[in-house]
Amino acid sequence: MNTVLEVKNLTKFYPEVKAVNGVSFSIEKGICFGLLGPNGAGKTTTIEVIEGIMPPTSGQILYRGKSRGTRFREEVGIQFQNTELPAFLTVKETLETFRNLYGRESDMDELIEICYLQEILNHDNRKISGGQKQRLLLAMALANDPELIFLDEPTTGLDPQSRRHLWDIVRNIKTKGKTVVLTTHYMEEAQILCDIIAIMDYGKIIASGPPEKLLEEQCNGIAVILHENVDENTLNSIQGNWIRMKDGVEIYPENLNDCIRTLMDLEINLSKMTVRPQNLEDLFLKLTGKRLRA
Amino acid sequence: MEFFRDRAAYGWNLLFPFMIIIGFSVMFNEDQQIMYKVGVIIDSSTTQTHDSEDISVSAIEDHQYRNFRKTKYIDFIEFNVFSPALEKLTHHRIDLLINPRSKHYWISRTSPKGYIVERLLKAGVENRKTLYKEKKISGREIPYSEWLFPGILGMNIMFSALYGVGYTVVRYRKNGVLKRFSVTPLKPYEFLAAQIISRLYLLFITTLIVFLGCTLIFGFKCHGSYLSLLALFFLGGFSMVSVGLVVAARSSSEEFANGILNLISWPMMFLSEVWFSLEGAKPWVKTFSAFLPLTHLVDGARRIMNDGATLLEIKYQLLMLAGMSLLFFIAGSVSFKWNSN
């Protein structure tokens, strides 16, 4: 059986909000599955219910075809979005503590190498940087040589270099045949790391599939960005969709050449125009009518 | 490991008991212990009238005064002028005012200590007709600091157990460390057992250091068995840790936990006979005190250390501590949650 995780009609309701409202997906072994969506979409709640932090209101979660139990706890590694480290312990001691909680353990040296912890092994947890802390949290998630790894927004708050460092680690994990479930609100991260993505909003999955296929099916055009104040009549005369930004407008034309020609005819200033392929953020915008980072 | 690297907490746990013992030994040195203050007018030419209804004046005999002057633990303060002395008497800053030359004394009718000192003054006269005969008793005199020492050890155990376990677990829950543990194969009872065992181990070390230090510095002795004392402290420590677990069972608010721990520890500190005996206290106070684990820990420790009691002789204290430990441990374990949600 290649299906590692199956989620069927998962719901999690609170008195005032339906945080997860009928989510279903299955994850095959060895892939990186991304749960993409803005803050408040229900990604973390979905993941935490699957991890067992909180019970679902309804629905079923199967690990390797069976209900989660001891095997799930032994074989799953988790990195939470916001977690402090045990105070007064060093990086090495923290890793050893968590390794000792499991029946199966990763090779310590390999773990240190994968997560680039060599230089901070003897540092107090309170004295490491944000990027180092995220790498240690990731190492803790790998302490039991897991089959399935949950990473909840692992790069939030990191600088670009630290973020890319972490991406390298996740790619490395994938090469070892591990299955990764990643939640993120960075579309670039999802596009680079994930084999399959599911886009969430208001507790529901609104699209899922390989990123390239989703873009090809729903968002295969070009985006034209104009840092000019263009009036609505002009925009409506261009075939395609558009959205007003704070400092300009983004146009998704059906035909790029016609769009440029129309703008030139109307003597719109094109000196600050940029053109790019549409991305997951555009897809999200198309599906929900709002930007991913809202 | 966290305890030994947290130098502030580590230092506090070790230094605080020493500071208390040193301070109280100095303050309550037997030679300096003053119970009452009596003003003595040495210049009889000053005016000695007053118009306060609270102040009464009576006559005394020479021999009464002479006997009274020999009374220990009374500070006789000399005044040249009557008015300020009377003012102090009115405000209960002195307990009795006496003029040996005019053979008068003044007390405040509203002062309980003044009442006692007056009785001492009047009792200073030999009375051949008295019906009571003096009987001498034998026994070892226990200085206050030595009486206090078991209480300080017990109090130290209480604070270390309550805050070391209760506050720590709440902090772990607040910052997500418990949440991280909850997704490992670690079971709640394993986590709680680890907390209890590690804290008892630390309590043993810190109590031993304080005990040995005070023994060396002040010459305190344990007149009973050290093993009995160890068993009592172990059980007392376990009961305190269990109380801490109840407080920490579900809360993730450090402020709330701190408040609850203060609410528990302060009454225990003052009503468990750590600092003073509750003899003479109201019955409901004594009843309340009997429900506090620190009361039995301190009482048992005093009986062992000061009176040489055996474990059999303190079985009541041991049973109470065991019962409370079981009750609090079960309550804390059953109500424990990894998360506050």
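At what angle do helix α8 (residues 211-218) of chain A and helix α11 (residues 280-288) of chain A pack, and how far apart are their axes?

## Helix packing in chain A

In this predicted model, helix α8 and helix α11 of chain A pack at an angle of about 55°, and their axes are 10 Å apart. The crossing in which α8(A) passes α11(A) is left-handed.

On the side of α8(A), the contact is made by A:Pro211, A:Leu214, A:Leu215 and A:Gln218, while α11(A) contributes A:Leu280, A:Leu283 and A:Lys286. Sorted by class, the residues of this contact comprise 5 nonpolar, 1 polar and 1 charged.

## Chain A as a whole

Chain A contains 11 helices and 14 strands, and its C-alpha atoms fill a box of roughly 70 × 45 × 35 Å along the principal axes. Of the 294 residues in chain A, 37% are buried. Among the contacts in chain A with a separation of 6 or more, 70% are accounted for by residues 24 or more positions apart.

The domain assignment divides chain A into domain 1, covering 3-216, and domain 2, covering 221-277. Taken over C-alpha atoms, the centres of domain 1 of chain A and domain 2 of chain A are separated by 39 Å.

A:Leu182 is placed in strand β8 of chain A, which spans residues 179-184. With 25 other C-beta atoms within 10 Å, A:Leu182 is buried, because the class requires 20 or more such atoms within that distance.

Once its neighbours within four places in sequence are left aside, A:Leu182 is in contact with A:Cys32, A:Phe33, A:Gly34, A:Leu151, A:Leu193 and A:Cys194. The C-alpha atoms of A:Leu182 and A:Asp152 are separated by 5.9 Å, although these two residues are 30 residues apart along the chain.

## The contact between the chains

The contact of the two chains takes 18 residues from chain A and 16 residues from chain B. On the side of chain A that touches chain B, the largest share comes from helix α2 (residues 70-75) of chain A, which supplies 3 residues. By class, that side of chain A has 10 nonpolar, 4 polar and 4 charged residues.

## Chain B and its helix pair

Chain B has 13 helices and 5 strands, and buried residues make up 36% of its 341 residues. For contacts in chain B between residues at least 6 apart in sequence, 82% join residues at least 24 apart. Chain B is divided into domain 1 (33-123) and domain 2 (142-335), and the C-alpha centres of domain 1 of chain B and domain 2 of chain B lie 46 Å apart.

Helix α9 (residues 226-248) of chain B and helix α12 (residues 293-307) of chain B pack at an angle of about 170°, with their axes 10 Å apart. This angle makes α9(B) roughly antiparallel to α12(B), because angles over 145 degrees count as roughly antiparallel. From α9(B), the contact takes B:Ser228, B:Leu229, B:Leu232, B:Gly236, B:Ser239, B:Met240 and B:Val243, and from α12(B) it takes B:Pro293, B:Leu297, B:Gly300, B:Ala301, B:Ile304 and B:Met305. The residues of the contact of α9(B) with α12(B) divide into 9 nonpolar and 4 polar, with no charged residues.

Technical notes. Residues numbered from 1 in each chain as written. Chains lettered and ligands numbered in written order. Predicted model: local features only at pLDDT ≥ 70, side-chain atom pairs only at ≥ 80, totals over all residues. Domains from an automatic or database assignment. Helix = DSSP H or I, 4+ residues; strand = E, 2+ residues; numbered from the N terminus. Buried ≥ 20, exposed ≤ 12 C-beta atoms within 10 Å, placed from the backbone. Contact = placed C-beta atoms within 7 Å. Nonpolar A, V, L, I, M, F, W, Y, C, P; charged D, E, K, R; others polar. Axes fitted to C-alpha atoms, helices over the stretch in contact; angles between N-to-C directions. Left-handed = near helix turned anticlockwise from the far one by under 90°. Parallel < 35°, antiparallel > 145°, perpendicular 65-115°, else oblique.
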